[in-house]
Amino acid sequence: MNYSTIPWPVQTQHVLIPRSDRLQSVATASHPKRDLSLASHARGSLQKSAMILLSICLFFSCGQQQEAMSGQIENIKIDKPKSEVDLFPHKVVPQLARHFRVSYHGNYKVVKTDATFYPNGEEEEGEIRQDVLVLVQRGSSPPHLHGELEKATIIEIPVKTAAVNIQHAESFLRELGLEHHINAIGGLYSYDHNMRNKAISGEIGQIGYSWHSPPNIEVLLQRQPDVFLMTLASMDHTTSLEKCRQVGIPTVAVFDWAEQAYLARAEWLKFYSLFFNAEEDANRVFHHIEERINSLKALTSDLPERESAIWGFYTSKQRWAMQISSFQAQYMQDAGLENILAQNTPANANGRQTLNTEELLLKGKEAKHWIIGDIHAGPLPQEDLMESFAAWRSGHLYHNMTRMDSKNNASDWYATAIVRPDTVLADLIKLTHPQLLADYSPVFLGHYDKHIQGPSSTEPESHSK
């Protein structure tokens, strides 16, 4: 749906005039003052008769004109105070997401976002960043900024163009059918072939990815997006956010990465919809995702036992990046698996923990299932060491690289998979409990071949669409 073609509501409403006011207005409009001075010369009964006759005429005259106009009164448009006008019939309410909030105020929305940054993954080192936005309907006046809105950033909506600086932001907009509004992306690592080609040809700009560097302000000034949805991945980039605003680029701090629950992160669909007045679509899409997840969780709730599992990959120098209480750990739980590392391993602020090989052997060698393959994984240790793990010996190994385009260094695991956790959960259930989803084919996850240390040869590498 092209939201730019939808006519915006006018700030007038049909108001019914009370019956008593209608009569008064009709009589006043229809009957100018009459010169009744001759009546004073009438005498006796003639005077009384004339007055009675005049009253009867007035009565029927008013009645006829009131009946003639009654069908028109309801169509009179009367401007209502701005505080009573609601230009946003469809609204979103975040139920699971903890790092954005929205309230509606007639012709504008107030959006608040926040996140805590943990530079070294330690909670005691956390630093909080907050942002306040006022999204004002085009053609209407913004509110007076005072109190908690004093330093808010005003953005006119619906926006027609948007810049993003991370791959999954493209996916959020694509899921809402809004990707054609994107006029700048991070770079050429987009899994979407069409989006990448637009960047190569110069049809859209390249501003740099959030996890690499601050945004290229010069390119943003050239592209002039109506909004820059800036994923703020580091407090070091806060200065760039302020610079963007100072030079007139409407910039928004996006913190979806701060959510620790996978469904809460997917609910940021609602956040992205706010800038396009696309709340109705966001509610519909997220409801479908949530309902599907609930159905999948119901499949595993009656399993006789929960098989053990671990999720993590090898980095280098006998170090493993393991998932303890992150959203990957939640996937294991909802797929009917038991994350055996969660019982005896403290997690850092990001829900993960780095273990050395000795620690991983001690805590995780008996796990039946292991999601081991990742785009960031390094070459594994020697075979004799890996044979110490039960999952390695049995071959119950999996990866998240099915939708990987190695030629362009693009992975949909870090894009669409974030927006569609229902599909990720279905994949994991299919791999570990295949009898529960007999006719389903995994999309993001797949079997890991230990002999080639990568996706199984029976599952060819997927390429971008």
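Predicted model: local features only at pLDDT ≥ 70, side-chain atom pairs only at ≥ 80, totals over all residues.
Helices in this account are DSSP runs of H or I that span at least four residues, and they are numbered from the N terminus.

When the whole structure is searched, two cavities of 30 Å³ or more are found, and the largest cavity has a volume of about 60 Å³. This cavity is lined by 11 residues, of which Arg-174, Tyr-191, Asp-192, Asp-412 and Ala-415 are the closest to its centre. The most is given to the lining of the largest cavity by helix α3, which covers residues 167-175 and supplies four residues. By residue class, the lining of the largest cavity comprises five charged, four polar and two nonpolar residues.

An open sheet is formed by four strands, which follow the order β3-β4-β5-β6 with mixed pairing. Strands β3 (100-105) and β6 (153-157) lie at the edges of the sheet, each of them pairing on one side only, and from one strand to the next the twist averages 25°. Within the sheet, strand β4 (residues 108-117) and strand β5 (residues 127-137) run antiparallel and are joined by 10 bridges; in β5, Leu-133 is the bridge partner of Val-111. Helix α6, made up of residues 238-246, packs on the sheet, where it touches both β5 and β6, and the direction of helix α6 makes about 20° with that of β5.

Definitions and conventions:
Residues numbered from 1 in each chain as written. Heavy atoms only, no water. 1 Å grid on protein atoms, 1.4 Å probe; cavity = no way out; pocket = protein on both sides within 12 Å on 5 of 7 lines; lining within 4 Å. Points joined across faces, edges and corners; volume = space filled by probe spheres on them. Helix = DSSP H or I, 4+ residues; strand = E, 2+ residues; numbered from the N terminus. Nonpolar A, V, L, I, M, F, W, Y, C, P; charged D, E, K, R; others polar. Pairing = 2+ DSSP bridges. Axes fitted to C-alpha atoms, helices over the stretch in contact; angles between N-to-C directions. Contact = heavy atoms within 4.5 Å.
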